[in-house]
Every structure is written in structure tokens, then in C-alpha cells.
Amino acid sequence: MTVERPLLGEPLGLDLLNTTWIDRGNRRDMLDDLDGTRQWMVEAGLAPAAGDPAGQPAAGEPAGESVRRSLVAAREAIRAHVDDPGSESARVALNEVLSWGRTRPVLGPEGPGTANEMDDPSRRAGWAAAVNYLELLAGDASRIRRCAHPECVLYFYDTSPKRSRRWCSMAGCGNRAKAARHYARSKQS
């Protein structure tokens, strides 16, 4: 079964955060099960290829369970840092996820490049999301935002020219906020 979730297309580190959302007052979590985890991996372009050790289960667990756990750990580390960038514990948790892999320069047939190395291939997707989050921070941390609607838990990277985007979606949260303001004004009259 395919999970329909809001706000697709954000950078990888924020898209991982958006695997939790509110639907009709209920919190949904795409990473609660392996089907949702696989769907997110495919949508993010991170699904393991046939024969990739990241797709192989650890002894005694279903295929993909270690990937799912790694993604949840990476998501929570990123969320903790986005919500409180000055927190020492958030920084430590994010650095722990970043320690799962490394990038090294290589010379390939096409010329200079980089190669990613993982001690545990099941952590590749979570590590990639954390690395992407760091790239967003290095680019312009002020553009990483949480939706301004008080009941929304989604995050986005503000690419608006004036850096004035407030809502995950104008059609969803933005319209709800406008409708609430209009209702409050009409009630005062």
C-alpha cells in the first residue's frame, strides 16, 4: 500500500524529517513499518540495488529493519538539531550519525571524484540525509524552517527570493491560517 504524504521534494535531510506528519489530527509516521520505509527509500532515490549489502538483513531480523532503525535515528538527530541548534546533545547525536560514513577523494576513469565508505551499509541512507542536512546548514541555515502553522510538524527549505515563506504549503497550512484569521475578524464584527 502506498502512503500519501504531504510536502514531497524537499532536500533529502528535510524530506527525512517529513516522514512524520499530522493527518486529520493524528500523527503519521512513514517509518513505522518496513513498507513505508521502502517507499521512502525509493522516493528518495536511495533504494538498495540488487546485491547491495544495505538490502541484506542482519541475523535474526527482517530485511530492511536495520535500515529502518538507522533512518529513525538519523531523523531524530536531525530534528533535534533543527529544533534546537545550540543544544550540545543535539550536536553530539548528529555527529554520531555523521560518523557512520565518510567521503574520500578518488581518481576514476572520468577524472577526480569522491567515494562514500560505510562500515555498516544499512546506515547509508540515514548518513546521506545527515550529510545533506549539513550541506543545507553550510549553504544558509536561516532557510531551514518549520511550518508556521502551530499544528503542523513539517519542515522546508525556503527558496523564496525574499526569504519570506512561512508555510509548508500555501494550499494547506497557509490557507488554514488565512481562513482562521478571516473567521476571527468576522466574529469580532
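**Strands, helices and core**

Author: Strand β3, residues 101–108, pairs with strand β4, residues 111–118, in the antiparallel sense over eight bridges. Please note that this is a predicted model.

Reader: Through how many residues does the hairpin join β3 to β4?

Author: The hairpin between β3 and β4 runs through two residues.

Reader: And which residue in β4 does T103 stand opposite?

Author: T103 faces N116 in β4.

Reader: Let me step back. How many helices and strands are there in the protein chain?

Author: The protein chain has six helices and six strands. Read from the N terminus, their order is α-β-β-α-α-α-β-β-α-β-β-α.

Reader: What share of the residues counts as buried?

Author: Of the 189 residues in the protein chain, 41% are buried. The accessible surface is about 10800 Å², and 53% of that belongs to carbon and sulfur atoms. As for contacts between residues at least 6 apart in sequence, 51% join residues at least 24 apart.

Reader: Turning to α2, which of its residues are buried?

Author: In helix α2, residues 34–43, the buried ones are L34, G36, T37, Q39, W40 and M41. They pack against α1 (12–17), α3 (65–83) and α5 (124–140).

Reader: What happens at the start of α2?

Author: There, a side-chain oxygen of D33 comes to within 3.1 Å of the backbone nitrogen of D35. Just after α2, G45 adopts a positive phi of about 75°.

Reader: With which residues is W40 in contact, leaving aside its neighbours within four places in sequence?

Author: With that exclusion, W40 is in contact with R5, L12, D15, L16, T19, M30, L46 and L71.

Reader: Which residues touch the most other members of the largest nonpolar core?

Author: That core has 40 residues, and L16, W40, L71, I78 and C168 touch the most other members. At least two residues of this core come from each of α1, α2, α3, α4 (88–98), α5 and β6 (155–157). The largest share, seven residues, is supplied by α5.

Reader: I would also like to look at L94. Where does L94 lie, and is L94 buried or exposed?

Author: L94 lies in helix α4. L94 counts as buried because its relative accessible area is 4%, which is under the 20% limit.

Reader: Which residues is L94 in contact with, leaving aside its neighbours within four places in sequence?

Author: On that basis, the contacts of L94 are A77, I78, H81, A130, Y133 and L134. As regards A77, its C-alpha atom is separated from that of L94 by 5.0 Å, although the two residues are 17 apart along the chain.

Reader: A change of topic: how many disulfides does the structure hold?

Author: The structure holds zero disulfides. C147 is in none, and its nearest cysteine sulfur, that of C173, is 3.7 Å away. A disulfide would require the two sulfur atoms to be within 2.5 Å.

Reader: Then what is the nearest cysteine sulfur to C173?

Author: For C173, the nearest cysteine sulfur is that of C168, 3.7 Å away, and C173 is in no disulfide.

Reader: Are C147 and C173 buried or exposed?

Author: C147 counts as buried, at 5% relative accessibility. C173 is buried as well, with a relative accessible area of 3%.

Methods:
Residues numbered from 1 in each chain as written. Predicted model: local features only at pLDDT ≥ 70, side-chain atom pairs only at ≥ 80, totals over all residues. Heavy atoms only, no water. Pairing = 2+ DSSP bridges. Helix = DSSP H or I, 4+ residues; strand = E, 2+ residues; numbered from the N terminus. Buried < 20%, exposed > 50% of the residue type's maximum accessible area, 1.4 Å probe, protein only. Contact = heavy atoms within 4.5 Å. Polar contact = N/O pair within 3.5 Å; in protein donor to acceptor, adjacent residues only side chain to side chain. Core = buried A, V, L, I, M, F, W, Y, C linked by side-chain atoms within 4.5 Å. Areas by Shrake-Rupley, 256 points an atom, 1.4 Å probe, with all protein chains shown as cover.
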